Amino acid sequence: MDVATVTLFLVAGLASLFMAWVIGAGSSGATPFAPAVGANAVSTMRAAFVVGILGFAGAVTQGANVSEAVGSGLIGGVSLPATGVIVVLAIGAGLMAVGIKTGYPIATAFTVTGSVVGVGLALGGTPVWSKYLQIGSVWVLTPFVGGGVAYAIASVLPREDVPEEYSIPLLAGLVGAVLANVEFATLGPGGTAGSLAGLAGRTLGVSGPAVTAAVTLAAAAAIAVVVGWDVRRDQAGGLRRVLLSLGSLVAFSAGGSQVGLAVGPLLPLLDDVSAVPTVAVLAGGGLGILVGSWTGAPRMIKSLAQDYSSLGPRRSISALVPSFLIAQLAVLLGVPVSFNEIVVSAIIGSGAAVGGGDAVSARKLAVTVGAWVASFAVAFALGYGAVLVLPVA
């Protein structure tokens with residue numbers, strides 16, 4: 001490999017690392033624990049520390065699916081060269097910086113996806129319509145599903161005829177059932193990806209759908225029993241601990257989903273640098289998210305916590321449950337998603353359940369949706385245009 005190729009790879013790696021830092025310092029590093037900080041369940045600095053650790057763990061153990069989709073699943077026929085990767089990441093990080101400066105909710109998933117598709121098509125690649133349909137479906141349905149689920153949960157939790165010593169354990173059991181079936185790196189046979197339910201079955205020497213269902217029900221029941229005991233013993237403390245647990249799961253899921261936006265474009269370059277394994281690239285992206293969470297997220301957590309402080313633990317739980325479920329579905333499908341879109345949609349749903357339609361500002365909602373659409377459109381145009389005017393090859 002010549003010096004020029006190595007230099008371009010290193011520059012692309014630094015751009016990827018910076019993108020990971022931006023993700024950790026931005027909404028992905030701040031939103032998972034902002035409701036818990038707003039409810040005084042944890043301090044800002046401790047929240048940033050935990051978010052960084054869990055984001056790193058999620059990136060390493062669940063980051064492969066989305067990274068592969070961003071790296072090689074969006075364009076057919078061509079692979080992005082190192083200069084194309086640098087352009088993609090510069091556009092993504094640049095637009096994120098504009099969003100932070102102006103206050104508009106620029107979505108990282110939309111900017112990176114738009115720029116990858118724009119650069120790839122300008123280089124002569126072909127559209128991958130099946131993947132676009134899958135991504136578009138998730139992006140369009142997320143506000144309705146996330147907001148709808150949050151609305152339903154927030155409508156039930158405060159009702160006197162639905163005691164929280166039953167409703168909260170039921171929610172915790174549902175989350176536990178999903179957690180038992182999500183895939184983690186190296187848990188499958190031969191070091192492949194696998195689930196905790198599958199691992200339990202192999203440990204017991206049995207397998208099959210019935211075994212998976214039994215393990216799932218056992219995990220859900222065990223978690224529900226523990227949470228129910230805790231809520232009955234100390235309702236306020238039990239709700240705080242459920243809120244912290246959900247924040248931890250969302251932070252972990254954010255790492256698994258968002259690291260692909262930073263390191264995914266790099267993966268095709270590994271064909272030329274076979275000495276660098278994919279897990280090392282994921283670990284590097286996770287490290288960037290961790291540093292971003294520790295150095296950049298505290299200020300944003302504090303700011304968001306002030307907005308979230310009026311939510312209270314019940315509405316925060318209502319928002320975090322669908323956030324975790326949607327994030328894990330996206331990781332499973334290998335679809336890049338915006339945590340800004342997921343969490344904002346869930347908060348709107350939980351807010352509407354308590355305050356009705358007056359609790360949702362139509363103008364703010366229009367600005368937010370407009371910023372999401374513009375994130376993709378502007379990134380696509382900049383990526384396509386950059387290839388036309390710059391020596392990207």
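**Close-up views around helix α12**

**View 1. Helices α5 and α12.** In this predicted model, the axes of helix α5 (residues 64-72) and α12 come within 7 Å and cross at roughly 30°; axes are lines fitted to C-alpha atoms over the stretch in contact, with angles from 0 to 180 degrees between N-to-C directions. Helices are DSSP runs (H or I, at least four residues) numbered from the N terminus. Because angles under 35 degrees count as roughly parallel, α5 is roughly parallel to α12. Val-66, Ser-67 and Val-70 of α5 make the contact with Gly-256, Ser-257, Val-259, Gly-260, Leu-261 and Val-263 of α12, where contact means heavy atoms within 4.5 Å.

**View 2. Helices α11 and α12.** The axes of α11 (residues 209-233) and α12 come within 5 Å, crossing at roughly 140°. From α11, Val-227, Asp-230, Val-231 and Arg-233 meet Gln-235, Gly-238, Arg-241 and Val-242 of α12.

**View 3. The largest nonpolar core.** Ile-168 and Ile-317 touch the most other members of this 87-residue core. Helix α12 (residues 235-263) gives the most to the core, 12 residues. A nonpolar core is a set of buried Ala, Val, Leu, Ile, Met, Phe, Trp, Tyr and Cys residues joined through side-chain atoms within 4.5 Å; buried means under 20% relative accessible area (1.4 Å probe, protein chains only). Beyond its neighbours within four places in sequence, Ile-168 contacts Leu-157, Val-227, Val-231, Leu-239, Val-242 and Ile-317.

**Notes.** Residues are numbered from 1 along each chain as its sequence is written, and side-chain values use heavy atoms, without hydrogens and water. Local features need pLDDT of at least 70 and side-chain atom pairs count only at pLDDT 80 or more, while totals for chains, interfaces and linings use all residues.

Technical notes:
Buried < 20%, exposed > 50% of the residue type's maximum accessible area, 1.4 Å probe, protein only. Helix = DSSP H or I, 4+ residues; strand = E, 2+ residues; numbered from the N terminus. Parallel < 35°, antiparallel > 145°, perpendicular 65-115°, else oblique.
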